[in-house]
Amino acid sequence: MEKDEIRKAVLELVDEVMPELEDVSLDKNIVTEYGVNSISIIKLIVEAEKKFGISFTDYELALDSYDTFGDLAAVIYDKLENAE
């Protein structure tokens with residue numbers, strides 16, 4: 001899967017898991033711009049695990065691991081690349 005496809009899929013997941021967010025950007029800070037909390041990021045990661053068939057470690061579930069949704073997309077890309 002290409003990086004752009006993953007980035008697009010992450011935006012779709014954000015829309016599904018956090019429909020209250022509007023005009024989501026992959027590059028804006030998820031806490032200051034969108035008010036994302038630790039529960040929201042865990043829900044998003046669980047959906048990403050299902051969608052992409054990957055697993056996150058407990059450490060990777062922490063909100064402070066991701067400044068942007070783009071950071072999450074990059075981790076997903078790395079996991080998929082390493083799985084091949």
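Author: A search of the whole structure turns up three salt bridges. The model is a predicted one. We will come to each pair in turn, but the overall layout comes first.

Reader: How many helices and strands are there in the protein chain?

Author: Begin by listing the elements. The protein chain has three helices and zero strands. From the N terminus on, the order is α-α-α. The radius of gyration is 12 Å, close to the 12 Å that the globule rule gives for 84 residues, so the chain is as compact as a globular protein of that length. Along the principal axes, the C-alpha atoms fill a box of roughly 35 × 25 × 20 Å.

Reader: What share of the residues in the protein chain is buried?

Author: Buried residues account for 37% of the 84.

Reader: Let me look at one helix. What is the reach of helix 2 from its first C-alpha to its last?

Author: Compare the span with the expected one. Helix 2 covers residues 38–52, which is 15 residues. Its reach is 21 Å, close to the 21 Å expected at 1.5 Å a residue.

Reader: Which residues of helix 2 are buried?

Author: Ser40, Ile41, Leu44, Ile45, Ala48 and Phe52 are buried there. Now look down the axis of helix 2. Its buried residues fall within an arc of 130°, so they line one face of the helix. The face turned away from that buried side carries the exposed residues Ile39, Lys43 and Lys50.

Reader: What covers the buried residues of helix 2?

Author: The cover includes helix 1 (3–17) and helix 3 (69–83).

Reader: And the ends? Which residue caps the N-terminal end of helix 2?

Author: To read a cap, look for a side chain pointing at the backbone. Here the residue is Asn37. One of its side-chain oxygens lies 3.1 Å from the backbone nitrogen of Ile39. At the other end, look at the backbone itself.

Reader: Which residues of helix 3 are buried?

Author: Read helix 3 as you read helix 2. The buried residues of helix 3 are Phe69, Gly70, Leu72, Ala73, Ile76, Tyr77, Lys79 and Leu80. Their cover includes helix 1 and helix 2. Helix 3 has 15 residues and reaches 21 Å, close to the 21 Å expected at 1.5 Å a residue. At its start, a side-chain oxygen of Thr68 comes to within 3.2 Å of the backbone nitrogen of Gly70.

Reader: Back to the salt bridges. With which residue does Asp27 form a salt bridge?

Author: Asp27 pairs with Arg7, and the closest N and O atoms are 3.7 Å apart. This pair links distant parts of the chain, 20 residues apart. Asp27 sits in the loop between helix 1 and helix 2, while Arg7 is in helix 1. Asp27 is exposed, at 59% relative accessible area. Arg7 is partly exposed, at 28%.

Reader: Where do Glu47 and Lys50 lie?

Author: Both are in helix 2, three residues apart, about one turn of the helix. Glu47 counts as partly exposed, with 27% relative accessibility. Lys50 is exposed, with a relative accessible area of 58%.

Reader: One pair is left. Are Glu60 and Lys79 buried or exposed?

Author: Both are buried. Glu60 and Lys79 form a salt bridge, with the closest N and O atoms 3.0 Å apart. Glu60 lies in the loop between helix 2 and helix 3 and Lys79 in helix 3, so the pair ties together parts that are 19 residues apart in sequence.

Reader: What else is Glu60 in contact with?

Author: Set aside its neighbours within four places in sequence. Glu60 is then in contact with Ile45, Ser55, Ser65, Tyr66 and Val75, as well as Lys79. Its side chain also has a polar atom 2.7 Å from the backbone nitrogen of Thr57.

Note on methods. Residues numbered from 1 in each chain as written. Predicted model: local features only at pLDDT ≥ 70, side-chain atom pairs only at ≥ 80, totals over all residues. Heavy atoms only, no water. Helix = DSSP H or I, 4+ residues; strand = E, 2+ residues; numbered from the N terminus. Expected span 1.5 Å × (residues − 1). Buried < 20%, exposed > 50% of the residue type's maximum accessible area, 1.4 Å probe, protein only. Arc of directions from axis to C-beta. Contact = heavy atoms within 4.5 Å. Polar contact = N/O pair within 3.5 Å; in protein donor to acceptor, adjacent residues only side chain to side chain. Salt bridge = Lys/Arg side-chain N within 4 Å of Asp/Glu carboxyl O. Rg over C-alpha atoms; globule rule 2.2 N^0.38 Å.
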